[in-house]
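Good morning, colleagues. Please take a moment to look at the sequence and the model that I am about to show.

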Amino acid sequence: MDKTAMLTLDGKSYTLPIIAGSEGERAIDVSTLRNQTGCITLDEGYGNTGSCRSQITFIDGEKGILRYRGIPIEELAEKSTFVEVAHLLIMGRLPNSPELRYFSDLLTDNELLDEAMKHHFEGFPAHAHPMAILSAMINAASCFHPELLTDRQHDCFLVQAARLLSKVRTIAAFAYRKSRGLPAIYPKPELKYTANFLHMMFSLPNRDYALTPEVVRALDLLFLLHADHEQNCSTATVRMAASSHANLFASAAAGVCSLWGPLHGGANQAVLEMLQAIHQAGDDGSRFIAAAKDKHSGKRLMGFGHRVYKHYDPRAKIIKRACDEVLAELHISDPLLDIAKHLEEAALRDPYFIERKLYPNVDFYSGIIMRAIGIPVEMFTVVFAIGRMPGWIANYKEVMESSARICRPRQIYTGPTLDHYTPLKERK
Ligand code: SDX
């Protein structure tokens, strides 16, 4: 394989180094291109552009491979837990027993919000979207930890990471309770991460939510499957913020805002709303698929397609299987799951989707499980954000430990050439 690439421009030849990753991916290193040629590269949407070297997550989109620190997602989904995977992503290895106990204790020790933060929740209107509350309150939480703005030593990083990971769960639950006009339910130190979230979401002051192993396991699996996904839009946003040395909470809050978009993490909410609309219209999905293929309809088959996966998203496979298991365990029959399966079958036979290599992604079935658990659709992307937090934290840490320069892309200017100020009375 070549170790360099040749570029010919204006009659001159340039040699550019090829770098290779541990899985054999190759990149043309263009870091000296502008100095050598005066040209920059242009790749809108970054479909062909690597922003960094990373050791956290590997995806092979053609083969449908996803590994966290080298471990296949299928093994982690079957054998691990969200908290273990969070440690794996952030610290680079599965924790041994003392490390897992220490990390779990850190999460418990940091589960409460400062009491003064409750006043912030009161300021939001009842219909406030919980993603707006989440991003705002993550930054608000940082105000109670001024050491965040100064302390970047590695040895305290796990404490900061646990603080953010634990509090984001409490903030999310409080946001849900606020939106329902319900009193906040405080975490219980004896409950583990995911069970505590369900407790804070659904318990009442006079009656604790009845935790069942099936529901706790199903939600923990969703968190785990969302934990990281290399340089997706929101993780790239976190790395961008981290590159200016913004603090961990501020960088994570930026990730929440980026994740909210319906083309990204907001798709799980959009999928459920799409399925509900199809169900209410009495459509078996055929009419909707026809619209999704029509560029002028403004509709897309939400939960389908992916920038990297040109085959089935391995997470979608696992979630689809979990849908059947969870609904059976909860004795729920959901017509939306039947519609989703029919849509998948129809789309995967349709040349439009086949030619464009559009398959179900992580968002296509995840909402069915959340709906079965009782999580409202406006909280779906919040659940995604909680799950993605370890990946954002791990990528933040990787930036802060590297000698990475501040991210500052160039552009090709296509605006007006030199012009001059026109006094008001002369303007048309
Ligand atoms: C996530 O990056 C990550 O890793 C993200 C994520 C993570 O874990 O972080 O995996 C999570 O965000 C998953 C994606 C969730 N979004 C959706 O489900 C929204 C629906 N899907 C899309 O809008 C789209 O597929 C994207 C945004 C996911 C990918 O967009 P791309 O790579 O920019 O592809 P594109 O928009 O250029 O589409 C290529 C073609 C176009 O048709 P042509 O112009 O070639 O004729 O495919 C068509 C698109 O119109 N197309 C779709 C479609 N997705 C793409 N047509 C109908 N329905 C769709 N869902």
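I shall speak about the ligand, then a sheet, and then a few individual residues.

Let me begin with the source of the values. This is a predicted model, in which local features need pLDDT of at least 70 and side-chain atom pairs count only at pLDDT 80 or more, while totals for chains, interfaces and linings use all residues. Residues are numbered from 1 along each chain as its sequence is written, and side-chain values use heavy atoms, with hydrogens and water left out.

We turn to the ligand. Around the ligand there are 24 residues, and those that come nearest are His229, Arg300, His306, Arg307 and Arg315; a residue counts as near when one of its heavy atoms lies within 4 Å of the molecule or strand in question. The shell divides into ten nonpolar, seven polar and seven charged residues. In this division, Ala, Val, Leu, Ile, Met, Phe, Trp, Tyr, Cys and Pro are nonpolar, Asp, Glu, Lys and Arg are charged, and the others, Gly among them, are polar.

From leucine 301, a backbone N or O atom lies 2.9 Å from a nitrogen atom of the ligand. On its own the ligand has 1000 Å² of accessible area, and the protein covers 77% of this; such areas come from the Shrake-Rupley method with a 1.4 Å probe, and for residues only the protein chains shown count as cover.

Next, the sheet. Three strands form an open sheet in the order 1-2-3, with antiparallel pairing. Strands here are DSSP runs of E with at least two residues, helices are runs of H or I with at least four, and both are numbered from the N terminus; two strands pair if DSSP finds at least two bridges between them. At the edges are strand 1 (4-9) and strand 3 (26-28), each pairing on one side only.

Strand 1 is joined to strand 2 (residues 12-20) by six bridges. Across this pair, leucine 7 stands opposite tyrosine 14, and threonine 8 stands opposite serine 13. The two strands form a hairpin with two residues between them, and aspartate 10 in the turn has a positive phi of about 50°.

Strand 2 is joined to strand 3 by three bridges, with isoleucine 19 opposite alanine 27. This hairpin has five residues between its strands, and glycine 24 in the turn has a positive phi of about 85°.

Finally, some individual residues. Most residues other than glycine have a negative phi. Glutamate 230, however, has a positive phi near 45°. Glutamate 230 belongs to the loop between helix 9 (213-225) and helix 10 (233-243). Lysine 357 also has a positive phi, of about 55°, and is found in the loop between helix 16 (351-355) and helix 17 (363-373).

Is threonine 57 buried or exposed? Threonine 57, in strand 4 (residues 57-60), counts as buried at 12% relative accessibility; buried means under 20% relative accessible area, exposed over 50%, and partly exposed in between, with a 1.4 Å probe and protein chains only. The side chain of threonine 57 makes a polar contact with the side chain of aspartate 228 at 2.5 Å. A polar contact is a pair of N or O atoms within 3.5 Å; within protein, one must be able to donate a hydrogen and the other to accept it, and residues adjacent in sequence count only if both atoms are side-chain atoms.
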